[in-house]
Amino acid sequence: DFKGQKTADDIVRVVLIASTILSFVIGFVFSSLMITMSTFALCTVALSLVVLPPWPMFNHHPVTWLSVQGESQK
Amino acid sequence: MHSIYARVNGISALWSTCVMVLLGAVALSSFLFNADPKGNLDIVSLKVFHSKTRRYPFRNEEIGFVKFNLSADFTPLFNWNTKQLFVYLEAEYTSPQGVNNTVVIWDRIVRRKEDATIDIVQKDKYKLRDLSGSFSNVHAAQYSLKYNVMPYVGVLTYGEAARTVEAIDFPDARDSVS
């Protein structure tokens, strides 16, 4: 469904950009590149758990197909 | 966004851009750290001996042996983006043709901040030999301690930490067994 697709897309965009900034700042504060990379990896894993599997929340606005019409012509 | 494959595709595009931006930011951040460590370098002795070249044992050449005192503190160079520090001791001299020569005679790789202070009395690790095989026509040499910072992501930076105060002449060659 289209509303759900747009929701998923928005989530991905916001979370990825936020996690980039967050992991840079956290790593800089703790002065360790390992922390930067691991926060970014954790955010990626969390994001994919939320977005990749087809949760039912993405299906709240299903597309309403038109009902099947009788054979037209012929 | 209608199937898992489409979602994976969409995420991976933005994800790879974000990774590159993150690494670029890390590389740029090492320009914020400016450190200029200084140290002390003394040459204890320099001797030149006749010997055979390594590859052609029938040919004679002159090899210099240097003993030196070295103390330096490189801890300010270690920031979050420093992977290792390559420290090396160079002999610089001008050949009679006017060409500048530099010979690396000792080096060390420093990987952790705790190992970054150096305080040793050491003899050289590599051979000090001139390309022409003889030191007799060569001008006096200056010895300098240089370092190279290798980051995880970013550009390599070079620097010089110590230098002998005055140039030191090469003594005449002598035979080693005498």
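Select B:Lys146 to begin: at 15% relative accessibility, B:Lys146 counts as buried (buried means under 20% relative accessible area, exposed over 50%, partly exposed in between, with a 1.4 Å probe and protein chains only). The model is predicted, so local features need pLDDT of at least 70 and side-chain atom pairs count only at pLDDT 80 or more, while totals for chains, interfaces and linings use all residues. Residues are numbered from 1 along each chain as its sequence is written, chains are lettered from A and ligands numbered from 1 in the order in which they are written, and side-chain values use heavy atoms, with hydrogens and water left out.

**Stop 1: around B:Glu92**

B:Lys146 sits in strand 7 (residues 142-151) of chain B and B:Glu92 in strand 3 (residues 82-94) of chain B, so the pair ties together parts that are 54 residues apart in sequence. Helices (H or I, at least four residues) and strands (E, at least two) are DSSP runs, numbered from the N terminus. B:Glu92 is buried, at 15% relative accessibility.

B:Arg163 is partly exposed, at 35% relative accessibility. To see the whole network, select B:Glu90, B:Glu92, B:Lys146, B:Glu160 and B:Arg163, which are joined by salt bridges that share partners.

**Stop 2: B:Asp73**

Move to B:Asp73, in strand 2 (residues 60-73) of chain B. Its relative accessible area is 34%, which makes B:Asp73 partly exposed. Show the side chain of B:Thr75 as well: a polar contact of 2.9 Å joins it to the side chain of B:Asp73. A polar contact is a pair of N or O atoms within 3.5 Å; within protein, one must be able to donate a hydrogen and the other to accept it, and residues adjacent in sequence count only if both atoms are side-chain atoms.

Leaving aside neighbours within four places in sequence, B:Asp73 is in contact with B:Pro37, B:Lys38, B:Ala116 and B:Thr117 (contact means heavy atoms within 4.5 Å). For a distance check, B:Asp73 and B:Asp115 are 9.5 Å apart, C-alpha to C-alpha, and 42 residues apart in sequence.

**Stop 3: helix 1 of chain A**

Select A:Asp9 and A:Arg13, which form a salt bridge with the closest N and O atoms 2.8 Å apart. Both lie in helix 1 (residues 2-30) of chain A, 4 residues apart, about one turn of the helix. A:Asp9 is partly exposed at 25% relative accessibility, and A:Arg13 is partly exposed at 43%. Over all chains, the search finds 5 salt bridges.

**Stop 4: between the chains**

Display both chains. Here 20 residues of chain B are in contact with 23 residues of chain A. How many salt bridges does the rule find across the interface of chain B and chain A? It finds 0.

Notes. Salt bridge = Lys/Arg side-chain N within 4 Å of Asp/Glu carboxyl O.
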